[in-house]
Structure formats: structure tokens, C-alpha cells
Amino acid sequence: MTLQEKSDKTVKKLLALTQDRLIEWQKITDTRAITRGTNDVVDLAYKAEFKGDNFIIYEVRYQTMDEEERVYWDSRVNLDLVDDNGVIIWHFPSNIAKWDLLEAVRIKAGNVEEKLDDFLKD
Amino acid sequence: MFSLVAEILSIIGFMVTLWVAISLWQLKRYYTFKGRHPEITRDIRKYSSELSQLLDSNNLDGEVSEVTLRRCQSSLKALRRLIPRHYIKPVKEAEKAISICITDKMTSSRTSIRNIYNKLITVESDLENIKKDEKWRISR
């Protein structure tokens with residue numbers, strides 16, 4: 001199995017674990033360490049520990065240029081493997097499922113479903 | 001002697017016709033795929049995202065509708081006819097997973113839905129790779 005295949009499988013597994021609430025994600029509001037030395041914007045990140053490994057996931061907004069050199073804002077999702085001090089060991093390569101993972105993490109970490117259930121009661 | 005040359009030339013002519021026909025068929029397939037690629041990619045993203053959202057829910061009350069699965073199957077079928085041959089296998093596997101889910105009435109099973117989702121993600125990754133190859137082909 002190639003590293004890319006292992007990475008894809010890890011993203012899918014993290015998604016399944018998150019959706020089944022078998023892994024807990026914590027909010028990180030201080031994201032300065034993630035964006036240090038760049039012009040990227042990260043409002044919120046999420047961290048989880050599973051079998052001794054730490055993962056962080058976040059949406060990065062960044063400025064880029066189109067073919068006619070017009071500047072515009074774009075975004076991507078980063079999933080990283082980090083050490084106990086939060087230092088990034090490895091960026092997971094591009095994978096479309098990372099967006100679904102981030103969405104699942106936001107819903108679970110924010111207890112969105114429970115909040116909506118409460119709101120809709122009676 | 002003359003008839004032999006004529007025979008050889010007609011065989012060569014036939015082979016050239018065959019080569020032109022195959023090339024034309026491949027060109028037609030390539031440009032149809034190129035035109036349909038963004039639309040099919042968008043559709044498959046929509047379906048996989050829908051399945052993922054369903055799995056985000058704590059209880060799977062709102063099971064995936066058979067109509068959604070059949071629409072997804074139809075997009076995959078269209079894709080299978082156009083996609084380069086070495087990418088066909090994951091498309092077929094996704095189609096098969098949907099068929100099994102519908103036939104066995106597993107539309108509310110998390111395992112079955114997750115299996116379809118995972119297969120769709122593989123197809124999406126392949127489509128993304130094809131798009132990247134395409135960029136390289138244009139800029140060459």
C-alpha cells in the first residue's frame with residue numbers, strides 16, 4: 001500500500017470514528033501557532049487523540065491568484081499529524097473526504113444535533 | 001502481379017480505415033468525457049456529501065432515499081462509459097455497492113451507506129487525478 005493510499009484510508013477511518021462518536025475532537029481557539037509566518041487565516045481548529053497519535057483539522061483561508069493575476073480568497077482543509085506539543089509532524093495530502101471530515105467534526109464537537117433537538121422541542 | 005499489388009493496397013486501405021475509425025471513436029469519447037467531466041464530478045460530490053451528512057446524524061432515521069441512490073447509479077453508469085479504461089474498476093465497484101444496498105433493502109444501514117460513500121470517494125479521487133493530468137496535457 002502506498003503512502004497516499006494509507007493516508008486516504010486514515011481520513012476515511014477518522015471520518016467513520018467521528019460520525020460514530022468513537023473519537024472526541026476538542027476546539028483550539030488559539031491558532032497562532034498554525035498560521036505563524038504565513039498570511040493564512042485559521043479561525044478555529046480541532047484536535048483529537050487516537051491510539052497515542054494526535055490529529056488536528058482546520059479550514060485555511062488564503063489569498064491566491066487566477067490566470068489573469070487577479071487576487072481572490074480561497075480555502076482548503078488541512079489535516080495534520082502533530083506531536084504532544086502541537087508541532088506539525090506531517091500534512092495529510094489532498095483528499096476530498098477531508099471536507100466531509102471537517103463538517104462531521106464541526107457537528108460533533110459543537111453538539112449541533114443536540115442543540116437543534118433542544119431548540120425544536122415543543 | 002497487378003492484382004497482387006491491388007490486393008495489398010486494399011488491405012492497407014482497410015487497415016488505415018480501421019485505424020481512422022478507432023481514432024475517431026477515441027477522440028469522440030475523450031471530448032465527450034472532457035465536456036461531461038465537471039458535471040459528473042459535481043453530481044458525484046453532491047451524492048457523496050449527502051451520504052456523509054446522513055452518517056453525521058446520531059440516528060439514521062432519515063434513511064437514504066432509493067431515488068438518490070438510483071440517480072447516483074445513473075451518473076456512475078454515464079461515467080463508466082466515458083472514463084479512461086484503467087479507472088473503470090472503482091466506478092463498477094461503486095455501482096455494485098449501490099445495487100446491493102437497493103436489492104437487499106439496506107438503505108438505513110450505516111455500514112452499507114458508509115461502504116457506498118467510501119467507494120464514491122475513491123471515484124472522486126480518480127476524477128481529481130484525471131483533472132490534474134488534463135492540466136498538464138494542456139500546458140505541455
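Where in chain B is Ile83(B) found? Ile83(B) sits in the loop between α2 (66–82) and α3 (88–103) of chain B.

The model is predicted, so local features need pLDDT of at least 70 and side-chain atom pairs count only at pLDDT 80 or more, while totals for chains, interfaces and linings use all residues. Residues are numbered from 1 along each chain as its sequence is written, and chains are lettered from A and ligands numbered from 1 in the order in which they are written.

View 1. Ile83(B) counts as buried because it has 22 C-beta neighbours inside 10 Å (buried: 20 or more other C-beta atoms within 10 Å of the residue's own, with C-beta atoms placed from the backbone). Apart from neighbours within four places in sequence, Ile83(B) is in contact with Phe33(B), Ile88(B) and Val91(B) (contact: C-beta atoms, placed from the backbone, within 7 Å). Ile121(B) lies 38 residues from Ile83(B) in sequence and 16 Å away in space, C-alpha to C-alpha.

**View 2. Contact of chains A and B.** Chain A gives 12 residues to the contact and chain B gives 12 residues. On the side of chain A that touches chain B, α1 (3–19) and α3 (97–109) each supply at least two residues. The largest share of that side, 5 residues, comes from α3(A).

**View 3. Elements of chain A.** Chain A has 4 helices and 5 strands (DSSP runs numbered from the N terminus: helices are H or I, at least four residues, and strands are E, at least two). Buried residues are 21% of the 122 residues in chain A.

Technical notes: Two residues are in contact if their C-beta atoms, placed from the backbone, lie within 7 Å. A residue is buried if 20 or more other C-beta atoms lie within 10 Å of its own, exposed if 12 or fewer, and partly exposed in between; C-beta atoms are placed from the backbone.
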